[in-house]
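This report describes one predicted model, element by element.

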Amino acid sequence: MLDPMTTGPGRAPKVPTLEEVARRAGVSRSVASRAMNNARNVSPAKREAVARAASELGYVPNATARALATSTGGSVVLAISNDDPALFGDPFFSQVLVGVAAALDRSELDLTLMLASSERGQARLERLLRSRRSDGVMLMALRGDDPLNRVASATELPVVIGGRPLHGEARWYVDVDNRGGARSATEHLLGSGCRRIVTIAGPTDLQAAVARYQGFADAMAVGGQPADRVEHADFSFEDGARAMARLLDAHPDLDGVFAASDNMAAGALRALKEAGRRVPEDVAVVGFDDLEIARRTEPALTTVSQPIRGLGQEMATMLVRLIDGESPTPVILPTRLVVRGSAPGGAPGRG
């Protein structure tokens, strides 16, 4: 019988590759490389699996390969279903990215950013994950029918999701207390004396938007007020302004607005100004996010602050722990209300 590590009678033995070691150990190539070179961020279990696979295959790294391997670490992917150039100017996304980079800076993992909104982008992501050239993946803001849900469920690599998916339950995710934050925002409006409160809600296929509407409805129910004065928008300034104009047409006596993002709240302020409504004297406005725009509007926005950079840091930290063989639990980050001029508290004057 021929030795399985030979290519044929009389031929030199086939030299096992690092890819074969990784495959037998059930890890990515970069994890196998780091384990063979005693690098950080490899769990004892994976280190042992790689050593056992290398011994069984008779793998011995050559000096050149070892030198190359020790000079670089592994990599992780941050994938987003978005290819809009405006994404890179979005302060929310940029803060998440900074948080991810800060957490990975403490490890030997490089970051690959993939925009996977097109079929071609999704196929490229699938190929990358199948190749095991990456150790894990982070996914941001999955919508209800997001094809990245399928990509995430198909890979054997660890997956961390930023924000819970709308349908089903992710095993590992980092989210903020969207429902509680929206509830506190609406309670603030009610406590300020507002009784005809409307909301500009986010997209119905995004879990964060749904949770923020639920928080609004919770507070309105406790206050004995209806929660059906609602218009949906896409979290942008322009769409927020359009939604505010529709609400003014439908409910001209409104005296309070909860907008599910600061960008939409800023758009609402512009629409209210164009309609001759004073803020906060006639209408109080509260946003959500505490982005830089919240401090630059006139008046400055009362808003719900969420730890956006912390969201990115926790996502990356959780993924590194998973790569190391740990079993972290989902994380829900707290929110807090920041009171500014658009809804200062106390009973505002009503015309």
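## Helix 11 and its surroundings

The buried residues of helix 11 pack against strand 6 (197–201), helix 10 (237–250), strand 8, strand 9 (284–289), helix 12 (293–296) and strand 10 (302–305). Helices (H or I, at least four residues) and strands (E, at least two) are DSSP runs, numbered from the N terminus. Contact means heavy atoms within 4.5 Å. Buried stands for under 20% relative accessible area, exposed for over 50%, and partly exposed for what lies in between (1.4 Å probe, protein chains only). In helix 11 the buried residues are Asp262, Met264, Ala265, Ala266, Gly267, Ala268, Leu269, Ala271 and Leu272.

The 13 residues of helix 11 should span 18 Å at 1.5 Å a residue, and the end C-alpha atoms are 18 Å apart, which agrees. The expected span is 1.5 Å times one less than the number of residues in the helix. Just after helix 11, Gly276 has a positive phi of about 80°. Ser261 lies in the loop between strand 8 and helix 11 (262–274), and at 2% relative accessibility Ser261 counts as buried. Leaving aside neighbours within four places in sequence, Ser261 is in contact with Phe235, Gly287, Phe288 and Asp289.

## Basis of the values

Residues are numbered from 1 along each chain as its sequence is written, and side-chain values use heavy atoms, with hydrogens and water left out. The model is predicted: local features need pLDDT of at least 70, side-chain atom pairs count only at pLDDT 80 or more, and totals for chains, interfaces and linings use all residues.

## Chain totals

The chain has 13 helices and 12 strands. Of its 351 residues, 50% count as buried. Among contacts in the chain with a separation of 6 or more, 73% are between residues 24 or more positions apart.

## Nonpolar cores

A nonpolar core is a set of buried Ala, Val, Leu, Ile, Met, Phe, Trp, Tyr and Cys residues joined through side-chain atoms within 4.5 Å. The largest one has 42 residues, and Val21, Val50, Met138, Val160 and Met315 have the most contacts inside it. Elements giving two or more residues to this core include helix 1 (18–25), helix 3 (44–57), strand 1 (75–80), helix 5 (91–104) and strand 3 (136–140). Helix 13 gives the most, with 9 residues.

Apart from neighbours within four places in sequence, Val21 is in contact with Val50, Ala53, Ala54, Leu57 and Tyr59. A second, separate core of 22 residues includes Leu248, Val257, Ala260 and Leu272.

## Helix 5

With 14 residues at 1.5 Å a residue, helix 5 should span 20 Å; its end C-alpha atoms are 20 Å apart, which agrees. Phe93, Val96, Gly99, Val100, Ala103 and Leu104 are buried in helix 5. Seen down the axis of helix 5, the buried residues fall within an arc of 130°, so they line one face of the helix. The arc is that of the directions from the helix axis to the C-beta atoms. Strand 1, strand 2 (110–115), strand 3 and helix 13 are among what covers these buried residues.

## Aromatic pairs and a charge over a ring

Rings of Phe, Tyr and Trp (its six-membered ring) pair if their centres lie within 6.5 Å; planes under 30 degrees apart count as stacked, over 60 as edge-to-face and the rest as tilted. The count comes to 2 aromatic pairs. The rings of Tyr213 and Phe216 have centres 6.0 Å apart and planes at 40°, so this pair is tilted. Both residues lie in helix 9 (residues 207–222), 3 residues apart, about one turn of the helix. An α-helix has 3.6 residues a turn, so residues three or four places apart point the same way. Tyr213 is partly exposed, at 28% relative accessibility, whereas Phe216 is buried, at 0%.

The rings of Phe216 and Phe258 have centres 6.5 Å apart and planes at 15°, so this pair is stacked. Phe216 lies in helix 9 and Phe258 in strand 8 (residues 256–259), so the pair ties together parts that are 42 residues apart in sequence. Tyr213, Phe216 and Phe258 form one aromatic cluster. Arg212 lies over the face of Phe288, at 3.8 Å from the ring centre; the criterion is NZ of Lys or CZ of Arg within 6 Å of the ring centre and within 35 degrees of the ring normal.
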